[in-house]
Amino acid sequence: MIVVSCLFSCQKTQLTATQILSRSLEAHGGIELWQKVDTLSFTKKTILYNEYGVEEKELTQHQSFYGGNFINGEIISIGADKSRISILGGIYSKSIGDSLTFLTNDDVALIKKSFRSAYYVISQPFNLRESDALLTYKKDTILNGEKTFVVDVSYKENQNSNASDQWTYFFNAKTFLIVAAKVFHSPTISFIENIKFNKETPFAFNAERESIFLNKDGSKDYLRASYLYSNYKVVFKNK
């Protein structure tokens with residue numbers, strides 16, 4: 001991962017953050033087609049590493065979202081954990097193995113947050129258009145040898161659970177795909193790079209990502225996580 005910050009000459013008309021997002025929406029499959037999605041499902045494998053590069057944990061999940069939003073779906077952990085959380089028709093549930101778990105109000109809030117966070121990641125860049133996100137063009141930069149647009153994102157705190165996080169998105173200047181994101185989630189700063197994309201559906205989804213912890217000066221600390229996505233399935237709403 002190589003990031004070199006620099007400002008380009010503004011001899012040509014600079015695209016606005018809104019224009020950059022519009023082109024990215026098209027590059028990822030188009031907002032109109034996205035709004036016709038009824039069911040989105042996929043498998044996500046997460047590997048966590050410690051500061052010495054030693055694997056801490058591996059988790060594989062099958063995630064499904066119904067009705068085109070985060071408040072209907074299920075997340076099933078595959079393997080030894082064998083846990084399942086779901087929000088179906090407004091009913092929250094959690095099970096481990098064959099046993100249902102009694103849910104407290106805190107449990108319900110945690111399940112909702114888990115679904116919102118999972119959907120936030122998989123629904124980009126479409127969520128940036130559909131949410132209350134405020135986009136601000138910051139600068140151009142060079143990411144892995146290619147010109148990239150840098151856009152800061154902020155949210156109204158009372159409407160979005162990601163409001164306390166400070167997000168920055170990186171859009172490739174040729175393809176307009178989201179190639180990386182930086183997030184400040186106190187006390188950590190993470191740089192998440194989209195290494196590969198999956199285009200087996202009409203959309204350009206994440207296929208492989210890496211999350212790197214950064215030091216306060218922006219330099220690399222260590223690789224915290226790698227993510228592998230597969231088995232995408234999209235079902236569209238009936239006309």
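Leaving aside neighbours within four places in sequence, which residues is N198 in contact with?

1. N198 is in contact with F203, A204, F205, N206, A207 and Y232. Contact means heavy atoms within 4.5 Å.

2. This is a predicted model, in which local features need pLDDT of at least 70, side-chain atom pairs count only at pLDDT 80 or more, and totals for chains, interfaces and linings use all residues. Residues are numbered from 1 along each chain as its sequence is written, and side-chain values use heavy atoms, with hydrogens and water left out.

3. The average pLDDT (the predictor's confidence in each residue, from 0 to 100) is 90 for the protein, and 91% of the residues score at least 70. Over residues 1-11 pLDDT stays under 50, and the model has 24 contacts beyond four places in sequence for them. Where pLDDT is low, the predicted coordinates should not be read in detail.

4. N198 belongs to strand 12, residues 188-198. Strands are DSSP runs of E, at least two residues, numbered from the N terminus. N198 counts as buried because its relative accessibility is 9%; buried means under 20% relative accessible area (1.4 Å probe, protein chains only). A polar atom of the N198 side chain lies 2.9 Å from the backbone nitrogen of E200.

5. Y227 is in strand 14, residues 220-236, and is buried, with a relative accessible area of 17%. Not counting residues up to four places away in sequence, Y227 touches K44, K45, T46, A207, E208, R209 and S211. For one of these, A207, the C-alpha atom is 7.9 Å from that of Y227, at 20 residues apart along the chain. A207 is also among the contacts of N198.

Definitions and conventions. Helices (H or I, at least four residues) and strands (E, at least two) are DSSP runs, numbered from the N terminus. Buried means under 20% relative accessible area, exposed over 50%, partly exposed in between (1.4 Å probe, protein chains only). A polar contact is a pair of N or O atoms within 3.5 Å; within protein, one must be able to donate a hydrogen and the other to accept it, and residues adjacent in sequence count only if both atoms are side-chain atoms.
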